[in-house]
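Student: I am new to this structure. Please take me through one part of it closely, and then show me how that part sits in the whole.

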Amino acid sequence: MTTNGDPNPLAELSTPPPTLQRTEPPSSSVDPTQAHTAPESASSVPNDGTTTTEGELHTSPTVSPTSTTASGRVPWKDQVIEADLLTFEENHPAYINPVLASAEFVSKNIDIVQINEDGVAAAAQYIGNRLVKDGYTPRTWHTHPLHLSPPEPYDPAHPGTRATLDWIFLISALNFNFWSYLDGSDDCFGVEWRQGWGSECHVVHTGYWSLVAALDRALEEGIPFTDPAFYASEERCPDSLIQHVFRGAPQAREVIPLLPERIAIMREVGAILCSEYGGSFQGFIEAFQRRYDYDGTALQLAEMVTDTFPSFRDEHWFEGRRVFFWKRAQILTAETWAAFSPASDAEPHPLFPRGIEQLTMFADYRVPQVLHHLRLLTYAPTLVCALKAHEEFSSGAREEIAIRAASIIAVERVAAVLRADGRAGAVSSVLIDFFLWDLAKSLEAGDDRIEGIKTQPMLPAHRIRSIWY
């Protein structure tokens, strides 16, 4: 069901979508990770022929962060400094999130972005009050008019469950890089479609919502676009059809960013799901549940995602160590958690009985913008100038990972303050991230404003062309 009273189109499905044999991407397909391959050491030469400088980062899509060595050790744990391991084992005795450990390591080695200690308490109080005032909960996910809600109560046999999971998966696979050189003008890329499911009002959706609107529009047009067996097949779903699905509004003067990379990712993840998991993300979830005897954690699911799908491996090299951000892997897990959150807090979550507290925020370019606005982050003057000049950073630049790492720590600090205030049962970094992202979009649209707290001027978001976020 959808919250606006309109029928969920996925709930009407009577049979699950068909499954095809794995279709390999053609040799001419764009490899979305090729331009970001990591050298084996910090002094290696990257694929583009440029020399790696001290501290520069490069993505490592071919190394599994969850694979074990012959001794049974997990490689990423060997790369976290011992002091960090001790700290995180004390705070998270069940499991260590390498994203959090990586953020701490980066922040200790870069000082161009810092946590503003004076701003943490005030921002935490503001965020906590807004969460209560706005009634912001995991169920808020269902109120977004473009979202598809699964059948309730949770029913793994219902075809709408599978269809919803496939919808969430494809959106998360393609959830990156929506900023435009034409932001703020009618000429920027946008998708014209209904304001929401069941609405008769048509509007132009921009940014992230252009992706969601494009997929929803395709489903309404009868294109099984979120079926992995469909988009894995170049015969059934040629590149020209994908381009049609992502067609812009008539007035748009640009196409969706990184379209070739998006197509390549669709082929990659669709082929893997069809080959290994019965052609659906539900099959992947079921494999995860079997692996962990139906008691797996949200972090373990995120790790399994990065282990399985190379295009989700948001990992870089910095100061001779691999650092992890896993933005899309964690947000895929979190979106799944939110979509299937039960209506009553008294009911256990059908997929994540242990909750999602181990996940961090999702380090992108929008949430750091509002974190700085709320005085949680302090930027060096050189970084402020670069942002105001709309300077475009290269993927892996020190400025980029400094912003991402500090954002992760800042949200963890806010969550810790709110838990200490007695809100541990309701607050997580995931929920705070969801709220801050919605707040940033509302501020951008002029639909909200921050009152009762000191703020800094809103700076432009940092710009990078990347498949990671």
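Tutor: Start in the middle. The largest nonpolar core has 140 residues, and Phe225, Phe246 and Leu436 touch the most other members. Helix H15 (residues 398-423) gives this core its largest share, 12 residues. A nonpolar core is a set of buried Ala, Val, Leu, Ile, Met, Phe, Trp, Tyr and Cys residues joined through side-chain atoms within 4.5 Å. Buried means under 20% relative accessible area, exposed means over 50%, and partly exposed lies in between (1.4 Å probe, protein chains only).

This is a predicted model: local features need pLDDT of at least 70, side-chain atom pairs count only at pLDDT 80 or more, and totals for chains, interfaces and linings use all residues. Residues are numbered from 1 along each chain as its sequence is written, and side-chain values use heavy atoms, with hydrogens and water left out.

Look at leucine 436. Leaving aside neighbours within four places in sequence, leucine 436 is in contact with Ile127, Val367, Val370, Leu371, Leu374 and Val411. Contact means heavy atoms within 4.5 Å.

Helices (H or I, at least four residues) and strands (E, at least two) are DSSP runs, numbered from the N terminus.

H6 is largely enclosed by the rest of the structure, because 11 of its 13 residues are buried. Among them are Tyr208, Trp209, Leu211, Asp216 and Arg217. What do the buried residues of H6 pack against? Their partners are helix H5 (159-173), E2, E3, helix H8 (239-245), helix H12 (327-339) and helix H16 (429-445). After H6 comes glycine 222, whose phi is positive, near 85 degrees.

E2 and strand E3 (residues 202-206) run antiparallel, joined by five bridges. Two strands pair if DSSP finds at least two bridges between them. Tryptophan 193 has valine 203 in E3 as its bridge partner.

A cis peptide bond joins glutamate 152 and proline 153, with omega about 0 degrees. Most peptide bonds are trans, and most residues other than glycine have a negative phi. On the way from strand E5 (321-324) to H12, the loop holds tryptophan 326. Its phi is positive, near 50 degrees, in a residue other than glycine. Tryptophan 326 is buried, with a relative accessible area of 0%. Aspartate 293 also has a positive phi, near 55 degrees, but aspartate 293 is exposed, at 63% relative accessible area.

Step back to the whole chain. The protein chain has 16 helices and six strands. Of its 469 residues, 58% are buried. Among contacts between residues at least 6 apart in sequence, 75% join residues at least 24 apart.
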